[in-house]
Amino acid sequence: MKDFYVTIGLEVHCQLLTQAKMFCRCSTDYIGKEPNTLICPVCTGLPGALPVLNRRVLELAIRTALALRCEILPQVVFHRKNYFYPDLPKGYQISQYDFPIGVRGIVEFVSGGSKKRVRIKRVHVEEDAGKLIHEGPSLPWNSSGVDFNRCGIPLVEIVTEPDLRSPEEARDYLIMLRSIVRYIGASDGNMEEGSLRCDANVSVSRDVETLGTKVEVKNMNSFRSVFRALQYEIDRQKALLEKELPILQETRHWDETRDITVAARGKEEAEDYRYFPDPDLLPFSIEPKDLEEIAKTIPELPLERKERFMVEYELPEGEAGVLVQEKEVADFFEECLKEFHKPRMLCNWMLTEVLKNLNELEINITESKISPSNLAELLKLVDKREISGTIAKGILEEMFKTGGRVKEIIARKGISFITNERELEKIVRETIEKNPQSVADYLSGKEKALHFLIGQVMKVTRGQADPELAKNLLLKELNSGE
Ligand SMILES: [Zn+2]
């Protein structure tokens with residue numbers, strides 16, 4: 001069987017984190033709001049209304065383009081993209097055409113254990129359209145409604161070159177992109193709520209030199225659905241090629257419930273939109289000093305931070321990668337480290353216990369009741385072997401639920417510290433005396449008997465001993481008796 005060559009390019013729309021819409025003062029906080037309550041003559045395109053650009057949109061878009069290592073074009077030009085759709089009251093969308101904000105960028109990310117890079121073709125801004133509603137309690141039977149609240153919300157569109165080779169790479173690129181837009185505060189990147197939307201262009205070819213027919217896949221609203229839609233589409237195209245059937249250039253929708261892509265419509269070309277410069281918004285230049293100011297606001301980005309964590313804290317790449325994915329988690333880690341300087345141990349606790357508690361409570365780290373210094377306080381006790389890891393996990397859970405301090409929970413729960421090695425030695429000796437059979441078993445080579453003895457020590461101390469210390473003391477005692 002001949003090889004297949006897969007080519008994927010992604011177009012991502014991110015909602016920019018502004019309070020007001022792109023060209024008017026209406027609020028962007030539309031989720032859960034009564035339909036058509038956040039609108040005005042500008043965002044609904046009433047005759048005579050004039051758009052005024054929200055400065056913040058430009059700032060966030062430039063920040064995005066810079067973080068994606070784009071060249072910033074010196075002029076800002078807005079175009080009208082004309083098409084008819086019931087949720088687009090103006091009959092056109094204000095977008096950018098031949099003069100995007102940024103071009104020729106690069107995103108680096110890790111996929112399948114190796115470093116990949118994808119070229120960014122362009123980064124431009126445009127306004128969002130409204131929403132059609134086909135079902136809901138307020139709708140009369142057999143009718144559809146339109147909600148214009150989303151009209152005019154600012155989006156940044158990020159288009160890659162067709163550099164991705166597999167659904168895994170596409171997913172890993174998206175994860176990195178989301179991480180970057182969150183780091184720079186440009187977007188919350190929430191896919192489920194629609195503030196990050198992804199369309200994919202995918203083609204499969206049997207010849208490495210030529211691209212296959214480009215099919216656009218839309219309507220994917222999670223990382224998982226991007227992955228599965230691409231997987232499905234690649235298999236579908238391979239099957240057609242094998243049967244020597246033609247692949248049509250078209251737009252297909254991902255049908256989440258049926259797990260397939262479905263043909264939607266023929267793909268429009270740019271000329272179908274009759275782009276022309278918006279006569280209401282005159283072109284203007286970006287001042288170099290403004291550009292410099294914006295560049296200064298870009299923080300250390302996830303990939304650089306990961307590399308620094310690997311060098312500075314000697315963390316393995318995989319762990320460092322997870323730790324830096326969300327800026328707030330990485331910030332928490334570094335804050336905690338100031339009081340508890342054992343990066344490896346802290347990293348393990350963050351990636352297992354802390355993330356587990358956050359997932360269970362369905363909150364993010366900034367919403368949690370635990371502070372970096374609370375966690376440091378707890379880990380110091382574990383590190384000094386004043387409490388066991390098991391006990392500490394229970395205390396941490398309590399801290400997440402109630403926001404209590406370590407010492408206070410310990411006092412309230414009546415947890416006694418087994419600080420004294422001698423005390424534990426005594427318990428170990430008693431355990432050995434009480435279990436002669438297990439001791440004999442261990443001495444005749446049965447490893448399992450040792451676990452039983454450790455279990456007995458833990459039982460006597462009600463789980464408060466450090467199991468590692470108990471094991472060492474048992475071994476010392478057992479081997480001295482030989
Ligand atoms: Zn408005």
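Predicted model: local features only at pLDDT ≥ 70, side-chain atom pairs only at ≥ 80, totals over all residues.
How many residues of domain 1 are in contact with residues of domain 2?

**Figure 1. Domains of the chain.** The domain assignment divides the chain into domain 1 (5-292), domain 2 (300-413) and domain 3 (421-480). Between the C-alpha centres of domain 1 and domain 2 the distance is 36 Å.

**Figure 2. Contact between domain 1 and domain 2.** Eight residues of domain 1 are in contact with seven residues of domain 2. On the side of domain 1 that touches domain 2, strand S6 (102-111) and helix H2 (167-183) are the elements that give two or more residues. H2 gives the most to this side, namely five residues. By residue class, this side of domain 1 has five nonpolar residues, one polar residue and two charged residues.

**Figure 3. Length of helix H3.** Helix H3 (residues 223-242) has 20 residues, which at 1.5 Å a residue should span 28 Å. The end C-alpha atoms of H3 are 29 Å apart, which agrees with this expectation. H3 is followed by Glu-244, whose phi is positive, near 55 degrees.

Figure 4. Val-226, Ala-229, Leu-230, Glu-233 and Gln-237 are the buried residues of H3. Viewed down the axis of H3, these buried residues fall within an arc of 100 degrees, so they line one face of the helix. The face of H3 turned away from the buried side carries the exposed residues Arg-224, Asp-235, Ala-239 and Glu-242.

Technical notes
Residues numbered from 1 in each chain as written. Helix = DSSP H or I, 4+ residues; strand = E, 2+ residues; numbered from the N terminus. Expected span 1.5 Å × (residues − 1). Buried ≥ 20, exposed ≤ 12 C-beta atoms within 10 Å, placed from the backbone. Arc of directions from axis to C-beta. Domains from an automatic or database assignment. Contact = placed C-beta atoms within 7 Å. Nonpolar A, V, L, I, M, F, W, Y, C, P; charged D, E, K, R; others polar.
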